[in-house]
Amino acid sequence: MNAIQEKYAKEVKGILGKYPHDQQRSAVMPLLYIAQREDGYVTRQDMGDIAEILGISSTDVASIVGFYTLYHDQQAGKYRIQVCNDLPCALRGADQYLDQLCENLGIHVGETTEDGVVTVEAVMCLAACDKAPMFQVQSNTEIVYHEDQTVESTMKLVGKWRTEEAKK
Ligand code: FES
């Protein structure tokens with residue numbers, strides 16, 4: 001049984017219809033988007049299902065997930081803070097910001113806070129090098145950049161998210 005094919009049959013058909021018959025493998029990105037939409041990450045099973053739909057290997061699909069920072073193969077907190085600490089951002093203090101932010105949250109890079117609200121990750125260039133320290137937060141519908149950050153401004157934002165989550 002191919003769960004992606006069954007659950008999203010109409011969407012999958014629509015996506016595949018946009019690509020020439022001999023280039024169906026190019027549909028891997030939108031199919032990954034569908035797979036990730038519900039839970040915020042793509043499972044091994046999802047990757048296998050997508051590979052089967054496109055006639056490629058699971059390794060091909062996994063390599064796409066591994067390459068792009070907007071695809072994830074692990075469950076994370078409700079908000080995934082992806083801090084750029086690539087060289088230009090590092091020169092503007094991104095590493096210190098990242099360390100201090102994690103210290104304030106009581107986690108290490110790559111970990112999730114105990115309340116499950118925030119995960120912090122380090123990523124490569126997000127094309128906002130002159131606005132470091134900066135991070136992106138991805139939801140199902142949008143990607144929001146938070147630029148010129150301080151640990152204080154980010155913790156304030158985290159406090160707001162925690163309040164919102166507590167109300168749910
Ligand atoms: S190096 Fe960080 S956004 Fe470009």
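1. Gln82 stands opposite Gln136 in strand 3. Strand 3 covers residues 135-138 and pairs with strand 1 in the antiparallel sense, over 3 bridges. Two strands pair if DSSP finds at least two bridges between them. Helices (H or I, at least four residues) and strands (E, at least two) are DSSP runs, numbered from the N terminus.

2. A note on the model. It is predicted: local features need pLDDT of at least 70, side-chain atom pairs count only at pLDDT 80 or more, and totals for chains, interfaces and linings use all residues. Residues are numbered from 1 along each chain as its sequence is written, and side-chain values use heavy atoms, with hydrogens and water left out.

3. Gln82 also stands opposite Glu121 in strand 2. Strand 2 is residues 118-123, and its pairing with strand 1 is parallel, over 6 bridges.

4. Look at the directions in strand 1. Tyr79, Ile81 and Val83 point one way, while Arg80, Gln82 and Cys84 point the other way. All of these are buried. In a regular strand the side chains alternate between the two faces of the sheet.

5. Now helix 3. Met29 lies in this helix, residues 28-37. Met29 is partly exposed, at 28% relative accessible area. Not counting residues up to four places away in sequence, Met29 touches Ile64, Tyr68 and Tyr71. Contact means heavy atoms within 4.5 Å.

6. Met29 and Ile50 are 21 residues apart along the chain. Their C-alpha atoms are separated by 9.9 Å.

Note on methods
Buried < 20%, exposed > 50% of the residue type's maximum accessible area, 1.4 Å probe, protein only.
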